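Please look over the structure shown here before reading the notes on its helices, strands and packing.

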Amino acid sequence: MGNILWSVDKKIYSDKENHTLTITGWAVTKDQTTYDFSLYGSGKELSFPEPSRYERADVAENLKETVKEIKNAGFTVKIPEILQLAQEHENFQLALQAGDEKEIIWEASAQQVKDFCIESLIEYYIDEEQITQGNILTIKGWVVNQMDSDDVFVQDTDGKVLECTITRHRRPDVEKAKGISESEKRNLGFSITADLENIHDQNICICFRGQDVQKTYTVNVKKLKRENTGLYQQMKLLSLENRQKNHAYIKENGIGRFFRYVRNSQLKDGEQDYEDWLKDHEAFRKELKRQKNAVFSYSPLISIVIVLADTDVRRLKNVIDAYTDQTYGNWQLCLVDANEGEETGEFLRKKYKKEIRLSYKKVTENKGISENLNAALKLAMGDYVLFADQETVPAPDALFCMVKAVTEKKADMIYTDEDQISVDGKQHYEPKFKPDFNLYRLRENNYIGRFWAVRKEIMEQAGWFNPQYDGAENFDMLLRCSEQAAQIVHIPRVLCHNMDAGQQLSQEEKQKAGEAGRKALEEHYHRVQIPAAVEQTEKPGWYRSHLAIQGEPLVSIIIPSKDHINDLDLCVTSIEEKSTWKNYEIIVVENNSVEKETFVYYETLKNRYPNVRILTWKKEFNYSAINNFAVREAQGEYLLFLNNDVEIITDSWLEEMLQLCQQKGVGMVGAKLYYPDDTIQHAGVVVGLGGVAAHVLCKLPRDAEGYMGRLRCVQEMSAVTAACMMVKTSVFKSVEGFDEELKVAFNDIDLCMKVRSKGEKIIFTPYAELYHYESKSRGMEDTPEKQLRFSREVNCFRRKWERELLKGDPYYSPNLTLNNTDCSLRKLERNGD
C-alpha cells in the first residue's frame with residue numbers, strides 16, 4: 001500500500017449548474033505531505049476550479065491507528081461543462097499527486113461520461129416497500145428529474161401498465177438536500193399502493209420517465225409475499241438460533257402459551273386483534289394459583305364501595321362473583337341499595353347469605369349519588385377503599401395487583417387500565433391504556449375512570465362526597481384525594497372490564513354533570529391556590545382551564561438562522577403581527593450564512609422591529625452551543641426556543657404557554673405544531689418510541705382527537721420539541737443548558753430529560769398552535785460524516801438515559817407500540833426480542 005489513501009464516495013451530475021460533474025470523497029497521505037489534484041483529457045492536463053477541502057470526522061476516526069493527524073480529508077471536485085469536454089476528448093482521468101507518487105482516483109471514457117450524465121438526469125430513492133393489510137403493496141420514495149417534470153407508473157415484466165394508486169407530494173428534505181430553488185419546487189415524493197390480487201408476476205417495475213431518460217426499479221413481489229406469510233415468521237421464530245430463548249419462554253410460561261406466541265409471531269404491532277392480545281396478557285392459571293398461595297408482608301383490608309341503582313341482578317351476579325373469585329381474599333364488599341323495591345336485597349340474601357365479606361344496606365330515601373356513596377363509606381372498615389361500579393367486572397388478580405402496589409410502592413392511590421365487555425362476558429373491546437399519574441391531564445377530563453383505590457386515611461383527609469358535585473362526584477373525589485396523596489400508582493394492566501350499561505344520559509343530565517365537573521375543577525384550583533377559570537368544552541366531561549398569568553414577565557424568543565430569509569421573515573412577522581402578549585424580545589442568532597441578501601435583511605429587520613436583536617455565532621454549526629450562547633445574552637425571565645421555519649397560528653400562543661410555564665413545579669412547555677397540509681407534526685414526544693424518542697401521533701389530521709383524546713389535552717409529557725419550547729430561565733441555567741456534545745440531534749429531548757431529573761414537569765399544550773414548515777421525514781443523513789455524527793449522538797443519548805429508556809416513558813403505556821407513532825397495540829415480546 002502506497003503513501004496515498006483515498007476513496008471516491010459519489011459522483012453527481014447537475015445539468016442546471018453549468019453541466020457540472022461533481023466528485024466527492026476523501027484522501028490522506030500517511031506521511032502527512034500535501035497532495036494536489038490534476039485533471040486530464042485525452043492525456044492533456046485540463047484546468048478546473050480549485051477543489052474544496054473539509055473535515056471528515058468518520059475518516060479521522062477510522063484511520064486514527066494509521067495516520068497520526070488528519071485534517072481536511074474530505075474533498076469536492078467540480079468539473080463544469082463536462083458534456084462539452086466529452087465532445088472534445090476521448091477519455092478522462094482525475095489524479096492525486098503527492099511527491100513522486102501518483103494515484104488515478106477516477107477515469108472514464110467520453111461515452112461513459114455522456115451516459116452517466118444522461119442517467120443522472122433522473123434520480124430516485126425508495127424509502128419503503130411492504131405489504132400491509134394482508135394484500136396491499138405499498139411503495140414510498142422520491143424522484144428528482146433535473147430537466148423537467150417526470151412521470152411515475154408501474155408495469156409488469158411484459159411492459160403492461162398495472163392498475164394502482166399513485167399520489168405525489170412535497171419532500172422538503174429532498175428539496176433542501178438537492179438545492180432545489182423556490183421556483184423549481186414541485187411534488188418530488190410519491191406513494192404507490194396496489195392490490196396484490198391484480199399482480200400475478202413475481203416482479204413488477206416502478207418506472208420513472210423524463211424527456212430524455214427512463215429509469216426502473218424492480219420490486220421482488222414474490223420475496224415480499226414470502227416474508228409477509230405467517231409460516232415464514234413462524235419458521236424464523238422456531239429456527240436453531242432462537243432455541244435457547246424458546247426453551248426459557250416455555251419454562252416460564254408453559255407450552256400452551258408458547259404455542260399462542262408462535263401463532264401470533266407473524267403479526268406486527270397494531271395488527272393483533274384486541275381479544276387475542278388480552279389472552280396473551282391476562283394472568284394465566286398457573287399464575288393465579290401462585291397468587292392465591294402468596295403471602296404479603298402487609299395484607300390490608302380493601303373495602304369495595306358500590307352503589308346499586310337500576311340494577312340488573314343477573315349482571316350484578318357477574319360482578320360479585322368476580323370479587324369472590326379474586327386471588328387476594330382480604331376484602332369487604334360494601335353495597336348500598338338505592339333501587340326501588342326489595343328485589344335486589346332479596347337476591348343478595350338468597351344468593352350470598354354465606355358470604356361474610358359482603359356488607360349490605362338499603363337506603364330508605366335516595367338522596368342522590370354522593371349521599372349514597374357516603375352511606376356505603378360508613379360500611380367500609382378497610383385500610384383502603386376501592387371505588388367501583390355495579391357494571392364493572394374486576395379481573396381475577398385485580399386486588400392482588402393493588403396490594404402488590406401497596407407493599408412494593410407504598411401506594412396511597414391506585415388505578416389500572418380498563419376495557420369494555422359485553423354483557424355475556426364473551427367480547428372485550430375499546431381498551432384504555434392510561435399514562436402514569438398525570439395531574440394536568442386529569443384536569444382536562446377524568447382519564448382515570450371509576451375504578452380506583454385510595455388509602456382510607458387519605459380519603460378522610462380529603463373529605464367525603466359532596467352532593468354539590470353530583471354527576472361529577474367521582475371526578476371531584478379524585479381531585480381531592482390526589483391533592484393529599486404522596487404516591488399515586490398506575491398499574492398498566494387491564495384489571496377491570498366495564499359492561500355497557502345500556503342507559504344514555506339525557507342532554508340535560510350531561511349538561512348538569514358537566515357543570516358539576518367544572519365547579520369541582522375550579523374548587524380544586526382554589527384549594528391549591530392557583531387563580532383559574534374553567535370552561536366546559538364541546539365534548540361532555542372535558543374542560544379547558546385558563547390559569548391567571550402573574551405579572552408581565554419578559555419572554556426571550558431565540559431563533560437560530562442561516563440564510564433562508566423568506567422562512568425567517570414569515571416567522572418573525574407572524575410573531576410581531578399576531579402575538580397578543582407584547583412583553584417579549586426576539587434574538588436571531590446568525591450562524592454561517594453565505595448569501596449577501598441575508599445580512600441586508602437583518603438590518604431591515606432591526607429597523608422594522610425595535611425588539612429584535614441579531615447575534616452572530618462564528619463557530620461551526622452546533623445547535624446546542626448556539627442556543628446556549630444566545631441565552632447568555634437573553635434578558636427574559638422565560639426563554640422560548642423557536643425554529644426559523646415556523647408560523648404562528650394562535651394569537652395568544654405566548655399566553656397559553658406562559659400560564660403553564662409559570663406554575664410551580666413546571667419547567668418547560670411545548671406547543672402543537674402542524675405540517676403545511678394541516679397534519680400533526682408535534683403533539684409531544686415519547687421517549688423510547690422508534691428506539692430513542694419520537695413525536696407521538698404524527699401525521700394525523702389537525703382536528704383528530706388522538707388516542708384517548710391526547711391530541712386535545714394539556715398534559716405532562718416526557719419531552720417536547722425545541723421547534724417551539726418555553727422554559728424558565730432559572731430552570732434552564734440550573735441544568736446547565738443544552739448538552740453541546742449533542743450538536744444536532746436529541747439535544748432538546750436531552751434537555752427535557754435533565755429538567756425532569758430535577759423534579760420539574762414538562763407540559764404540552766394543544767392551545768398554542770403553529771405551522772412548522774419542515775419535512776414529514778427527517779432530513780437526509782446523506783453523507784458518511786453526517787451518519788457518523790448522528791450515530792454518535794444516538795449513542796450519547798442512550799448512554800446518558802439508559803435507565804429511563806429501559807423503564808419506559810411514564811406518560812405513554814408499555815401496552816402500546818414503540819415501532820409506530822399511532823398508539824396501536826404492542827404485541828407480546830419475550831426478553832431479548
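This is a predicted model: local features need pLDDT of at least 70, side-chain atom pairs count only at pLDDT 80 or more; totals for chains, interfaces and linings use all residues.

Residues are numbered from 1 along each chain as its sequence is written, and side-chain values use heavy atoms, with hydrogens and water left out.

**The chain as a whole**

- The chain holds 26 helices and 38 strands, where helices (H or I, at least four residues) and strands (E, at least two) are DSSP runs numbered from the N terminus.
- Taken along the principal axes, the box filled by the C-alpha atoms of the chain is roughly 110 × 65 × 50 Å.
- Of the 833 residues of the chain, 53% count as buried, a term that means under 20% relative accessible area, as against exposed at over 50% and partly exposed in between (1.4 Å probe, protein chains only).
- Among contacts between residues at least 6 apart in sequence, 73% join residues at least 24 apart, contact meaning heavy atoms within 4.5 Å.

**Helix pairs**

- Two packed helices are described by the angle between their axes and the distance between the axes; the axes are lines fitted to C-alpha atoms, for helices over the stretch in contact, and angles run from 0 to 180 degrees between N-to-C directions.
- The axes of helix 19 (residues 565–578) and helix 20 (residues 596–608) come within 11 Å and cross at roughly 10 degrees, which makes helix 19 roughly parallel to helix 20 (angles under 35 degrees count as roughly parallel, over 145 as roughly antiparallel, 65 to 115 as roughly perpendicular and the rest as oblique).
- By class, the contact of helix 19 with helix 20 has six nonpolar, two polar and three charged residues, where Ala, Val, Leu, Ile, Met, Phe, Trp, Tyr, Cys and Pro count as nonpolar, Asp, Glu, Lys and Arg as charged, and the others, Gly among them, as polar.
- Helix 11 (residues 313–324) and helix 12 (residues 343–351) pack with their axes 11 Å apart and at an angle of about 45 degrees, which makes helix 11 oblique to helix 12, and their crossing is right-handed.
- In that pair, Val 313, Leu 316, Lys 317 and Ile 320 of helix 11 make the contact with Glu 343, Thr 344, Phe 347, Leu 348 and Lys 351 of helix 12, giving five nonpolar, one polar and three charged residues by class.
- For helix 17 (residues 473–484) and helix 18 (residues 507–527), the axes come within 9 Å and cross at roughly 15 degrees, which makes helix 17 roughly parallel to helix 18.

- Three strands form an open sheet in the order 11-14-15, with antiparallel pairing; two strands pair if DSSP finds at least two bridges between them.
- Strand 11 (151–156) and strand 15 (214–220) stand at the edges with a single partner strand each, so one side of each is left without a neighbour in the sheet.
- From one strand to the next, the twist averages 25 degrees.
- Strand 14 (residues 203–209) pairs with strand 15 over seven bridges in the antiparallel sense, and Cys 207 stands opposite Thr 216 in strand 15.
- Helix 5 (residues 221–228) lies across strand 14 and strand 15, running at about 30 degrees to strand 15.

**Covered elements**

- Seven of the seven residues of strand 27 (residues 555–561) are buried, so strand 27 is largely enclosed by the rest of the structure.
- On one side of strand 27 the buried residues are Val 555, Ile 557, Ile 559 and Ser 561, and on the other they are Ser 556, Ile 558 and Pro 560.
- Strand 27 pairs with strand 28 (residues 584–591) in the parallel sense over seven bridges, and Ile 558 stands opposite Ile 587 in strand 28.
- Helix 24 (residues 747–757) is mostly covered, with nine of its 11 residues buried, including Asp 748, Asp 750 and Lys 754.
- Gly 759, which follows helix 24, has a positive phi near 90 degrees.

Definitions and conventions
A crossing is left-handed if the near helix is turned anticlockwise from the far one by less than a right angle, and right-handed if clockwise.
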